[in-house]
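User: Hi! I'm new to reading protein models. Could you walk me through the features inside this one?

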Amino acid sequence: MSAPAVERSDLFAGLPRSKPNSFGQWRALTGRILWVMATKGELAFACVTPLVLTLGFYLPLKYVMNFRGIDYAQFVMPIIVLQTMSVTMMSNAQMAAFEAMTGFNTRLQTMPVGKMVPLLSRISAGMVRSIVSLAAAIGWGHMIGFHFVAGWGQTILFCAFSLAVGTVLGIGADALGSLTKSPESLSQALTLPTLIFGMLSCGFVPESGFPEWVRPFVRNQPISQFSFAMRDMAANGVTWDVFWVPLLWVVGAAVLFTPAAVWASMRRS
């Protein structure tokens, strides 16, 4: 009875000892998500979405805003970029909810996988999608007349700030997805606040286009503040007096969302 046991124990004796590596795990899980995005058409959809938003937002109001002396391509482009970031946010939420619903997260928790690796892989894949969407949005924007005039520094700041907003929103959405475990209901729940904050903002029309009683909310809510800063980045350059408020919104959201996402991803269900 002992001989077969010895043979079985020596079966893997010649193989090198396994050394789990968090970087390798992150690379494998991120590559897995990106492969699904590429093969399922999500990256292609990330390129088409900005086109749909650009045509849907720009064409109906172009002549009205031009009549008011507003270069609408320059005016509306920040909200188009922010809307594409919100689509990435929903994708992150659905991804986290699907992995939680199918038990994939629970399975990883029973394996020698770094505790932060699943969350970081989802956020990294979402960032790649955001980069693709941002590049497509800027490309479509140039076709309608949008351009950067403040130099490379402000252009880089515009892109970096856009990705920062998208990443922070993705982190918060990941927390919600890990907790709810329902991709369908979560998508519906995120659509309503996205529409409210988007439509009741200075991204589509100036503050003067809203009734006086709602203007304080429209002017001070985060989407409007993001639009103000990004509009200046694309024009003559943003000043600190304009930039510190949206920057505070992003930092505050990151401080709030990051611990929630880490806890939701690491908790055992």
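Analyst: A nonpolar core is a set of buried Ala, Val, Leu, Ile, Met, Phe, Trp, Tyr and Cys residues joined through side-chain atoms within 4.5 Å. Buried means under 20% relative accessible area, exposed over 50%, and partly exposed in between (1.4 Å probe, protein chains only). This is a predicted model, where local features need pLDDT of at least 70, side-chain atom pairs count only at pLDDT 80 or more, and totals for chains, interfaces and linings use all residues. Residues are numbered from 1 along each chain as its sequence is written, and side-chain values use heavy atoms, with hydrogens and water left out.

User: Which residues have the most contacts inside the largest nonpolar core?

Analyst: They are Val-76, Phe-161 and Phe-226, in a core of 41 residues. Helix H4 (72-101) is among the elements that give two or more residues to this core, and H4 gives the most, with 10. Helices here are DSSP runs (H or I, at least four residues), numbered from the N terminus.

User: How is the aromatic pair of Phe-161 and Phe-226 arranged?

Analyst: Rings of Phe, Tyr and Trp (its six-membered ring) pair if their centres lie within 6.5 Å; planes under 30 degrees apart count as stacked, over 60 as edge-to-face and the rest as tilted. Phe-161 and Phe-226 are edge-to-face, 5.6 Å centre to centre with 75° between the planes. Phe-161 lies in helix H7 and Phe-226 in helix H10, so the pair ties together parts 65 residues apart in sequence. Both Phe-161 and Phe-226 are buried. Ring pairs also link these two with Trp-240 and Phe-243 into a cluster.
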